[in-house]
Amino acid sequence: MRRTSTIVFGAALFLFTSWWIVRACAPEFEVAVFSYKRHPDLPRAGFVNGNLGVLQPTFARSYLVIAYRYLNGAGLNQREREQARDYYKDRETGTWDHVGTDWPAKWQAARARITSVAAPHQTQVGNGQQAYDPETHSFLLNCAEDAYRVALHTFEDRRNRFGASSRAFIAWLTAQDAVFANCDGSQLTIPPEAAAGLPSLIRADREYQIAAANFYAGKYQTALDRFERIGRDASSPWNMISRYVVARTLFRMTESSAPAGAGLQRECMRIVADAKLVPIHGMTLNLLHRAGVLEQDSAYFRSLAILLSSRGQDDGLREELWNYTTMYDKFIEGPDPSPFRNADLTSWIYNFQARDAGAEAQSMSRWKQTHSTPWLLAALTHATSRTPERADLLNAAAHIPRDSPGYLTALYHADRLQLAAGNRAGIRDSLESIIGDPALRPLPSSVNLFRGLRMSAAPNLADFLRSALRKPVLITYSSNVGEVPAYFADPKTSQNSAAVARFDRDATRILNIRTPFRLLKETALGDVLPVGLRREAVMTALTRGLLLDQDISGIVEKLGAAAPELKSRVDAYRHEDTDQGRRFAAAFLILGQPEARPFFAPGISRHTRSGKIDSFRDNWWCPLDLTELYDSHEAAVAITPGFLTGEAEEAEKELRVLKRRGNAADFLGFIVLDYAGNHADDPRIPEALHDIVRSSRYGCNDDNTWKTARRAFQLLHKRYPKSVWAGRTPSWTKETSIREQMKWEREHQQ
Amino acid sequence: MTRIFRLTILLLTAASLSVVLAEPPHRILWSWFADDDLRFINPRETGVGYLAASLHIEGRDRVLSHPRTSPVRIARGTYEIAVIHIDYHRASFTPEQRRLVVAMIAEIAGLTRAPAVQIDFDAPQSAYPFYRDLLRDLRQRLGARIFISITALVSWCESPHSWLSTLQVDEIVPMPFHLGRVTPFLFPGCRGSIGVSLRDAPVFMLTRGQRIYFFPGPQRWSRQSVQAAFEEVKQ
């Protein structure tokens, strides 16, 4: 039984943590994360202490449980915070916070500082905690880390209370050494009864230590008798926890096949029925859960939710979180939605996370019934400018005090609703103030969310660009769905720095879809953007201008200044004196720059240097329906800045033109072939034709691209058969794998 | 006289049932990660080598221990070998790590009271001195009464002047898993024993008197698989 539960727990641990470590075999691309979606800002000490930041519906549910506790006033006491940290250690995310949660190690370190009594020898193979079982030739976890946590806290208390060299403290420590000497199963060491002259607290401790020593030594009946006696002793500080340990001893007796199963259940039910024992209700229910008594029990699920919403969970919180989130995951995969209605916490998490109309209506309804902060935040999260209760929600949000854990979430959504209603100027100062607030420095994800709103409140282009720039909270790989901070070895190996300001998706959506070429050109010619983005802005405006048949001469000049390596092609553009010549020169320029495309990409926009072919075909552009780059949710929550509202018609008209232009090879191929028709002597033509064939291979292509490539290829070989470019273009293809194409290119260049 | 003879026979029989052999028998079943029940084997003919712990050497001073958690049940009187697997990651193989590994192996020997320990390890060439010193220290720590066995890569056995010749061990068990038929090893110390995987049998060359270690692969041992393994060897 015990082994089974260990295996089940281990399997559950693997299942629920393995998604952090599963890594794809597909190519990995670096991405920038601007606001964490799966977890709060790191380290999570602030969150665990109640500094929640802007809550995201996409957070893992354990975070929403903690948030709910703070929002409903229960919060977490010191022991519950420890339990929360230990829970994240279980989830193998403990290292993210750089806080020590290795209780055995902490105990040993504290113990080693007391040199007046030599620290006992501890087995190394079982880390002092695992006992060797000669029957099965295997090791069993005998002293769980919680034992060391409790011992450490008692150690600190007794040392502070009596003094490190006091007789009382030394007596306590010696007895505790004896308790832990039983952990590895190699010896039976029971501390003696306490001397009469010792303080009553130490004597009470000793009673508990003797019972615990018997427990770890496998003398369960003796342990049971002693724990029961302490449980009846109202004067003992170990009185309440002993009631739980009685149940725990019965559980171990059950595991070791002793006839204690019925007794275990009876004892647990007795504890749960006693209102004075609330702090041990959770751990007692967890024990029943481990004993398999409460599997799949929706009443137990409800009990857990109620416990997790209540104060005084103390040392039970860790297991409650485990069992609750595990059961939540099971229930949410099932057909029956009723478990999500049977407790306020569960209902809140469900409706806070869901994105459908039912969740919006339920959140609103529950807020109207309860007027509680959790439900106000749920209702605000769902609300839009069309929500009838918008004014009431805004009013309620305005009354959330600044020191409330829900303040930032309420403020964020209130500002979002104000913006969506067109009140941009009114909230600009408020946003500036919150973004610059030093208290938000530990919450960069929240700051970036507020920056997103500030961007949409921008009165002009320059202001928009300044507030659109954000520094990522994490540079990682696209497969890192859990936003694990050190996903692949050393983050310093990344080629992209998190210190560089970039555009998030909301900014690129506005630039790509809502901004007309005229303003993109202004963006390219201005100096607001940092150097890296400025070059991308120039190339984007240049490409879009060519596609839209606009005047791009100023942009080419800017490109010449920003990219000296392009001087010859820029000069060639300058010397053209016809529209056709300029279009060809611009196309020739773009053909040499595979990073060229008529839109901005968010975060890390491209993984290969300018001028180089990307191995994964991120070269030039595909047929363009730019609206398809963004999902419907992004469209629903997007707020266009006021200075662009008058530009909508022009921007949409341009989008329609872009949509008709097709991919790079076809569009540029048309310009080159057209120009080549009456400029046969232009020495740039062979190279341009080669570039067309190349762009059809390494760029996006469609059903007709091969025709463009074939025309370019045939013209190159017919008209310029002895040119170096004909030699470098031995074939054109309809479609081959990108790897084969790269191989072909490499071999050919050699 | 007859009574004395009978008594002697009785005593010898009792001794054979309760006293474990000084050296491992010629057939050893390895029990690695599976939950095995091997109480059905004949303890006079077959021994059991069970993985007792895996030690992981890392960095300059770390040795992490992962003791066995899956049970293996063995009949009383069976010859037992506590196997310790050692692996490493970015390890410096320092004297401190050697001290820790030796202490842990000695602890396992003490806890299990097995008459033999077997060290299963892979080693880069740079770590040969580390293992040589480790096995020397282990011999000193355990004394001559504990039989010390090691597993070996086939490549270590392919030279008459193998580095293995410097090791203070009682047995070397090459493991030609998946390597097909092999000729007798050039290093004589590798000829006394051999480790075979059930999935490979019988693609290896066996010699008379060789001690054979049977690796069951990922599955558990059963009466049938043990019998099948022994049959394969007979053939």
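1. Into which domains is chain A divided? There's domain 1, covering 102-216, and domain 2, covering 515-749. Keep in mind as you look around that this is a predicted model. The C-alpha centres of these two domains of chain A lie 72 Å apart.

2. Now for the nonpolar core. The largest one holds 247 residues, and the members that touch the most others in it are B:I84, B:I108 and B:V117. Helix 7 of chain A (residues 167-181) gives the most to this core, namely nine residues. Why does the core lie between domain 1 and domain 2 of chain A? Because both of these domains give residues to it.

3. Take a look at B:I108. If you skip its neighbours within four places in sequence, B:I108 is in contact with B:A52, B:A53, B:A82, B:I84 and B:V117, and also with A:V125 from the other chain.

4. Next, how do the chains meet? On the chain B side, 19 residues are in contact with 12 residues of chain A. Four elements of chain B each supply at least two residues to the side that touches chain A: strand 3 (46-59), strand 4 (62-67), strand 5 (72-74) and helix 2 (95-112). Helix 2 of chain B has the largest share, with seven residues. Sorted by type, this side of chain B has 12 nonpolar, four polar and three charged residues.

5. Buried residues in helix 6 of chain A include A:A147, A:Y148, A:R149, A:A151, A:F155 and A:R158. As a reminder, an α-helix has 3.6 residues a turn, so residues three or four places apart point the same way. Among what covers the buried residues of helix 6 of chain A are helix 5 (103-112) and helix 7 of chain A. Just after helix 6, A:G163 takes a positive phi of about 100°.

6. Finally, helix 10 of chain A (residues 239-255). Its 17 residues should span 24 Å at 1.5 Å a residue, and the end C-alpha atoms are 25 Å apart, which agrees. Is helix 10 of chain A largely enclosed or largely open? Largely enclosed by the rest of the structure, because 13 of its 17 residues are buried.

Terms used: Residues numbered from 1 in each chain as written. Chains lettered and ligands numbered in written order. Predicted model: local features only at pLDDT ≥ 70, side-chain atom pairs only at ≥ 80, totals over all residues. Contact = placed C-beta atoms within 7 Å. Nonpolar A, V, L, I, M, F, W, Y, C, P; charged D, E, K, R; others polar. Domains from an automatic or database assignment. Core = buried A, V, L, I, M, F, W, Y, C linked by C-beta atoms within 7 Å. Buried ≥ 20, exposed ≤ 12 C-beta atoms within 10 Å, placed from the backbone. Expected span 1.5 Å × (residues − 1).
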